[in-house]
Amino acid sequence: MQKTRNGQRASRIVIWLAVGWLMCGRLLAEDEKKPAQEVTIKQSVHRLTETAHTAKDFSQIIEQCQIALDGELSDSDRTYLRTLKSWALNRRCEKRLEFAADFAAAGNDRQVLLVNDEALADAMEAVALDETRWRAFLNRGILLSDAGLLPEAMADFQTVCRLQPKESAGWFNCGEMHSALNNYRKAVGSYDRALAIDSADLQALTGRGLAYCRLGDYAAAEKDFEIVVRMRGSDAAAFINRGDARLGLAQWRDAYDDYIRAAEIADNGLAAERTAWLFATCPEEEFYRPDTAVDLARHSIAQSGETVGNLEALAAAYACKGDFNLAVEVQRKAIAMDTSRAAARSERLGLYEKQKPFVQQVLRVDEGQMRTSTAEEPTDSEKK
């Protein structure tokens with residue numbers, strides 16, 4: 001009987017120990033439940049990034065990140081998920097930029113605007129969540145530039161240069177903005193930085209060459225365009241640009257040859273416009289061909305529609321033929337279309353009104369090197 005009681009007591013002890021261990025296990029589980037759930041959320045969202053490729057995939061990551069961020073999280077997990085959401089927003093922005101390019105190629109301008117607005121919203125939210133995400137600043141800058149907000153775009157590209165100084169895209173885009181804002185010396189400096197990172201960047205070489213042309217440094221421009229022509233010999237624009245530099249250097253034959261080569265590659269009206277200008281304004285008798293200049297300017301208009309360039313070429317051609325009334329009419333039309341170089345265009349208009357043609361003046365500079373005087377005068381900001 002005593003043994004039986006002792007046995008019952010031992011059984012009760014075992015039962016109470018088992019219950020105690022069970023309760024402790026439940027309490028421990030409750031304590032660990034919340035951290036375990038947080039880790040699961042972070043890991044599950046991270047797994048989505050491993051196979052994400054489409055805009056829809058990135059939208060799913062953005063949504064899951066936001067669901068997690070709306071809950072209770074540790075500071076480290078909240079920072080992680082904000083960073084991950086920023087990354088996904090920027091990737092979706094880039095996908096939308098690809099969509100916009102496709103719509104642009106198809107001529108669907110309305111859809112381009114809609115998709116670009118969505119992409120801009122993504123980029124803005126991405127940088128708000130993570131101020132170190134330089135690719136988002138780059139994308140936002142591109143979109144702001146496309147919208148005509150040049151100073152705002154410049155600020156974003158400068159941020160890219162600060163965050164990622166060894167990334168040539170930031171410096172290149174700064175150069176593009178400086179050029180668009182007529183700050184050509186600063187543009188050259190930005191293109192220099194881009195080319196120091198990637199010496200084979202043909203876009204930067206082209207941009208710098210164009211800036212040199214606007215500054216009247218045609219010799220430097222020709223060197224840049226020479227490299228582009230050598231590396232991209234099937235690009236009509238490369239020959240047009242080199243021809244313009246050679247025209248500025250009063251190298252009439254070389255300029256003419258470049259324009260002819262450009263026309264052979266792509267007869268889009270631009271080469272005809274430049275050749276018309278050469279034939280209408282060249283001071284040398286060999287290239288002074290008024291009738292051909294008129295025909296070429298009209299051909300340019302037929303190919304590409306009316307532009308400031310082909311209208312000015314046509315006006316100059318009319319003037320050198322003595323048709324000054326037509327020259328005045330067409331030149332006024334060109335001025336109304338674009339006032340960015342109003343001084344030079346108004347000066348030519350004044351000549352036509354006085355019954356005088358415009359003829360390029362040739363200067364002798366730097367050890368007898370010849371150059372035309374058609375370069376635009378630097379702006380006040382350029383002179384500083």
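Q: Which residues of helix 7 and helix 8 meet?
A: Ser168, Trp171, Phe172, Cys174, Gly175, Glu176, His178 and Ser179 of helix 7 meet Tyr184, Lys186, Ala187, Ser190, Tyr191, Arg193, Ala194 and Ile197 of helix 8. Contact here means heavy atoms within 4.5 Å. By class, 8 of the residues are nonpolar, 5 polar and 3 charged.

The model is predicted, with local features needing pLDDT of at least 70 and side-chain atom pairs pLDDT 80 or more, while totals for chains, interfaces and linings use all residues. Residues are numbered from 1 along each chain as its sequence is written, and side-chain values use heavy atoms, without hydrogens or water.

Q: What is the handedness of the crossing of helix 7 and helix 8?
A: The crossing of helix 7 and helix 8 is left-handed, meaning that the near helix is turned anticlockwise from the far one by less than a right angle.

Q: How do the axes of helix 4 and helix 5 lie to each other?
A: The axes of helix 4 (residues 109–129) and helix 5 (residues 134–146) come within 9 Å and cross at roughly 145°. The crossing is left-handed. Helix 4 contributes Asn116, Ala119, Leu120, Ala123, Met124, Ala126 and Val127, and helix 5 contributes Ala136, Phe137, Arg140, Leu143 and Leu144. These residues divide into 10 nonpolar, 1 polar and 1 charged.

Q: Why does threonine 281 count as buried?
A: Threonine 281, in helix 13 (residues 270–281), has 0% relative accessibility and therefore counts as buried. Buried means under 20% relative accessible area (over 50% is exposed, in between partly exposed; 1.4 Å probe).

Q: What makes the pairing of threonine 281 and glutamine 360 a polar contact?
A: Their side chains are joined at 2.8 Å, and the limit for a pair of N or O atoms, one able to donate a hydrogen and the other to accept it, is 3.5 Å. The side chain of threonine 281 also reaches the backbone oxygen of tryptophan 277 at 2.7 Å. Beyond four places in sequence, threonine 281 is in contact with Ala316, Phe358, Val359 and Gln360.

Q: Why is glycine 248 assigned to the buried class?
A: Glycine 248 has 4% relative accessibility, so this residue counts as buried. Its place is in helix 11 (residues 236–248). Glycine 248 and alanine 219 are 29 residues apart in sequence and 8.7 Å apart, C-alpha to C-alpha.

Definitions and conventions: Helix = DSSP H or I, 4+ residues; strand = E, 2+ residues; numbered from the N terminus. Nonpolar A, V, L, I, M, F, W, Y, C, P; charged D, E, K, R; others polar. Axes fitted to C-alpha atoms, helices over the stretch in contact; angles between N-to-C directions.
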